[in-house]
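This briefing concerns aromatic contacts, charges over rings and strand pairing. The sequence and structure are shown below.

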Amino acid sequence: MAKAKELPLRKDVPVQLTWDLTTVYKNDDAFETDFNEIEKELVPVKKLAGSLSEGAGQLLKATEFILAVNRKLEKVYVYAQLKNDQDTSDDKYQAMFARCESLAAQFGAAMAWFDPELLQLSEKTMSKYYQDEPKLKAFKRLFDQTFEKRDHILGNDVEEVLAGAGDIFSSGEKTFGILDNTDLSFPVVTDENGKQVKLSQGVYAILLESADQNIRKQAFEKLYEVYDQFQHTLAATLTTNVKNHNFKAKIRKYHNALQAALSANEVPTVVYDNLIKVVNEHLDLLHRYVALRKKILGVDELHMYDLYTSLIGKKSPRYTFDQSKQIALEALQIMGPDYVSHVKEEFDNRWVDVVENQFKRSGGYSSGTYDTNPFILLNWKDNLDNLYTLIHGTGHSMHSYYAHHNQPYQTGDYSIFVAEIASTTNENILTDYLLNKFKNNDEMKKQILNYYLDGFKGTVFRQTQFAEFEQFIHEQDASGRPLTANFMNDYYLSLNQKYYGDAVVSDRQIGLEWSRIPHFYYNFYVYQYATGFAAASTLADNIVNGDSSNVEKYLNYLKSGSSDIPTNVMKKAGVDMTKPEYLEKAFAIFENRLDEFEKLF
Ligand SMILES: [Zn+2]
């Protein structure tokens with residue numbers, strides 16, 4: 001743990017570089033006051049059970065009360081979580097967070113009656129309720145999200161069995177997690193400095209960025225030796241997971257698992273179909289990029305382990321946090337004075353927890369709730385990547401800010417499907433800004449284009465490849481085909497060949513990649529990275545190259561929260577994600593930038 005010693009202790013981090021959680025609760029006592037209140041309110045939440053059929057007034061009363069408790073619960077939860085994340089070794093906040101998790105579970109149990117009872121109310125009853133008590137209309141969108149599932153809810157007995165068997169249904173995912181995170185043991189490999197390091201997922205990702213092909217090759221081969229050995233077990237865990245989705249989709253009368261998963265987020269399946277179709281029509285662009293990679297790297301053979309190393313060498317530009325804030329503000333000027341004023345608020349009022357300290361949670365995220373600022377956690381390093389992380393997090397935080405300030409509590413959140421669009425639009429605006437700023441500086445342009453092209457490859461192409469695989473295995477299982485390791489290896493290898501083309505040597509090991517991707521246990525989740533990036537490319541382009549009405553439309557999307565279904569919210573911003581055009585446009589931008597990059601060499 002030599003590295004941990006070099007990091008400051010939490011108490012030694014300059015206050016200006018920490019988030020200000022006193023804006024959530026003045027002190028821990030204030031947290032305790034809310035916490036105790038919620039505990040007491042669990043009893044009346046339970047007691048409201050059975051009241052919804054009594055009349056419109058009862059439905060209003062129950063809804064308002066439960067939402068009020070939920071709102072307070074979110075606030076105590078976020079406070080404890082952020083306190084815990086800033087220093088995970090602090091017993092006090094560990095305990096505080098654990099108490100909140102348990103309180104959230106208790107609240108979930110206390111209000112479990114609500115949805116089933118609401119579903120008992122017929123459409124006719126509901127329209128009468130809205131007439132009897134017009135205040136209920138404010139919650140129509142919330143109710144409709146539950147009614148959406150009406151045709152797919154089973155009898156009480158069956159629902160009870162399904163709920164009770166939740167642990168059993170998720171056993172495939174759980175077994176995979178334990179095997180992959182704990183039991184699998186990886187061999188020792190040599191790193192760039194000639195040091196022996198034990199391979200792990202994290203070390204693997206770093207070694208694949210090495211400038212030395214031998215280091216990359218060794219990491220790749222050693223990693224897959226392990227997955228090769230466990231491929232049949234991993235095929236079994238994945239099969240269990242697929243069967244779980246297919247079984248539930250079938251008994252709940254969905255066409256298939258894809259439709260079941262997407263409709264849970266109110267996304268029509270045409271969005272998924274379009275993505276796979278349009279990406280397949282543009283695979284030649286990925287083939288071109290990969291061939292260019294081979295040329296620039298000057299290797300005799302290009303392998304899958306050669307796709308992550310920088311094409312520009314190690315001279316990544318260094319930006320301090322202060323410089324990055326300045327660049328972000330300049331890049332985001334195009335979003336207009338209102339947006340910029342809130343970004344300044346974020347920077348000036350300590351919404352961001354900047355530096356890495358001992359035992360701080362790794363990575364970066366934006367988090368908060370309706371009654372708090374949208375905070376950002378970072379583990380800052382002076383490089384281009386972190387500049388992008390800052391502007392990405394700022395995109396999420398501005399989305400939260402606008403949603404919270406323009407929607408009532410019940411529609412003040414937003415779905416995963418639209419979330420990554422706000423963050424990646426900012427990234428795309430930054431790319432455009434930097435390309436323009438450095439238009440006479442070829443070295444910087446290469447850096448930025450390399451970053452963009454690799455991001456597009458990893459987000460649009462790679463995630464769609466995953467989405468295609470995910471759909472395939474669900475369909476195969478549904479048609480009765482056993483998902484053996486060999487069957488999945490063969491399919492994955494051919495899919496990989498189709499995506500990356502002839503410039504890449506098709507090493508047998510890459511056929512095993514499916515076996516180590518945790519996202520295949522997420523239930524049709526990854527496609528949203530690809531659709532999100534493509535929508536963001538289009539939106540950023542509209543904002544940068546269009547007139548100011550595009551900014552206004554974009555802000556309307558941020559302000560919409562969850563007040564409408566996700567594809568309708570995005571229509572307000574100017575992208576129709578049920579049509580293929582936004583994808584076409586994203587590829588056109590990719591192609592332009594690929595041309596530009598090619599010319600620089
Ligand atoms: Zn994000």
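The count comes to 41 aromatic pairs, where rings of Phe, Tyr and Trp (its six-membered ring) pair if their centres lie within 6.5 Å; planes under 30 degrees apart count as stacked, over 60 as edge-to-face and the rest as tilted. The model is predicted: local features need pLDDT of at least 70, side-chain atom pairs count only at pLDDT 80 or more, and totals for chains, interfaces and linings use all residues. Residues are numbered from 1 along each chain as its sequence is written, and side-chain values use heavy atoms, with hydrogens and water left out.

**Aromatic rings**
- Phe 220 and Tyr 305 form a tilted pair, because their ring centres are 5.1 Å apart and their planes at 55°.
- Phe 220 belongs to helix α12 (residues 213–229) and Tyr 305 to the loop between α16 (283–297) and α17 (321–331), 85 residues apart; helices are DSSP runs of H or I of at least four residues, strands runs of E of at least two, numbered from the N terminus.
- Both Phe 220 and Tyr 305 are buried (under 20% relative accessible area; exposed is over 50%, partly exposed in between; 1.4 Å probe, protein chains only).
- One aromatic cluster is formed by Phe 466, Phe 469, Phe 472, Phe 487, Tyr 491, Tyr 492 and Phe 520.

**Charges over rings**
- Lys 446 lies over the face of Phe 601, 4.6 Å from the ring centre (NZ of Lys or CZ of Arg within 6 Å of the centre and within 35 degrees of the ring normal).
- The charged end of Lys 457 is placed over the ring of Tyr 308, at 4.5 Å from its centre.

**Strand pairing**
- Three bridges join β4 to the antiparallel strand β5 (residues 375–377); two strands pair if DSSP finds at least two bridges between them.
- Tyr 365 has Leu 377 in β5 as its bridge partner.
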